[in-house]
Amino acid sequence: MTTAPPRRDDIHSYEPRLGHGLPHDPFNAIVGPRPIGWISTQNAAGATNLAPYSFFNAFNYVPPIVGFASIGFKDTVRNVQETGEFVWNLATRDLA
Ligand SMILES: Cc1cc2nc3c(=O)[nH]c(=O)nc-3n(C[C@H](O)[C@H](O)[C@H](O)COP(=O)(O)O)c2cc1C
């Protein structure tokens, strides 16, 4: 005779394509706290831009890789596309 595994009410899993079934999307809180970064960029004309990003981290040591993810095509991404450059500024706790 097989027994069903014990039910765990403290575990919640979901497939994003099927929805999470919760009042608020849990994804933003699953990995936290996250470092906050200010991504500074310039557009092709040299105008400066500074924006906060929390999907932001150092991803590798050698070679050094830093990055951020944008939810949608924002000014920061457009500037990076225009110039090929951004500066990754790690916010200090008081400024965060
Ligand atoms: C603390 C904090 C973290 C944020 N993290 C992100 C992020 O990871 N990705 C994102 O697309 N937007 C994030 N945002 C929202 C952007 O900062 C916001 O959309 C901003 O207007 C983008 O500026 P830009 O159009 O100059 O790039 C965050 C905002 C705050 C206040």
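Predicted model: local features only at pLDDT ≥ 70, side-chain atom pairs only at ≥ 80, totals over all residues.
## Elements and confidence

Helices (H or I, at least four residues) and strands (E, at least two) are DSSP runs, numbered from the N terminus.

Residues are numbered from 1 along each chain as its sequence is written, and side-chain values use heavy atoms, with hydrogens and water left out.

The pLDDT, the predictor's confidence in each residue from 0 to 100, averages 91 over the protein chain. A score of at least 70 is reached by 96% of the residues. Among the elements, the highest mean belongs to helix H2 (residues 75-83), at 98, and the lowest to H1, at 86.

## The nonpolar core

Let's go inside first. The largest nonpolar core has five residues: Ile 39, Ala 51, Tyr 53, Phe 56 and Phe 68. Such a core is a set of buried Ala, Val, Leu, Ile, Met, Phe, Trp, Tyr and Cys residues joined through side-chain atoms within 4.5 Å. Buried means under 20% relative accessible area, exposed over 50%, and partly exposed in between (1.4 Å probe, protein chains only). In soluble globular proteins, nonpolar side chains tend to be buried together.

Ala 51, one of the core residues, is in contact (heavy atoms within 4.5 Å) with Gly 37, Trp 38, Ile 39 and Thr 76, when residues up to four places away in sequence are not counted.

## A nonpolar patch outside

Some nonpolar side chains are found on the surface as well: Phe 27, Ile 30 and Val 31 form a patch there, with about 320 Å² of accessible area together. Patches are made of residues with over 30% relative accessible area and no salt bridge; like charges are joined within 9 Å, and nonpolar side chains (Val, Leu, Ile, Met, Phe, Trp, Tyr) within 5 Å. The areas come from the Shrake-Rupley method with a 1.4 Å probe, and for residues only the protein chains shown count as cover.

Ile 30 belongs to helix H1 (residues 27-30). Its relative accessible area is 54%, so Ile 30 is exposed.

## Salt bridges

There are three salt bridges in the structure, each a side-chain nitrogen of Lys or Arg within 4 Å of a carboxyl oxygen of Asp or Glu. One of them pairs Arg 17 with Glu 15 at 3.1 Å, N to O. Arg 17 counts as exposed because its relative accessibility is 70%, whereas Glu 15, at 41%, is partly exposed.

A network of salt bridges links Asp 75, Arg 78 and Glu 82. Asp 75 and Arg 78 meet at 3.1 Å, N to O; they are three residues apart in helix H2, so about one helical turn separates them. Arg 78 and Glu 82 meet at 3.8 Å, N to O, and because they are four residues apart in helix H2, they too are separated by about one helical turn. Asp 75 is partly exposed at 40% relative accessible area, as is Arg 78 at 36% and Glu 82 at 41%.

Ser 40 sits in strand S1 (residues 37-42). Although 47 residues apart in sequence, Ser 40 and Val 87 are 5.2 Å apart in space, C-alpha to C-alpha. Setting aside neighbours within four places in sequence, Ser 40 is in contact with Asn 49, Leu 50, Phe 86, Val 87 and Asn 89.

Ala 47, in the loop between S1 and strand S2 (48-53), is partly exposed at 41% relative accessible area. Beyond residues up to four places away, Ala 47 touches Thr 41 and Gln 42. Glu 85, in the loop between H2 and strand S5 (87-90), is exposed at 57%. Leaving aside neighbours within four places in sequence, Glu 85 is in contact with Thr 41 and Val 80.
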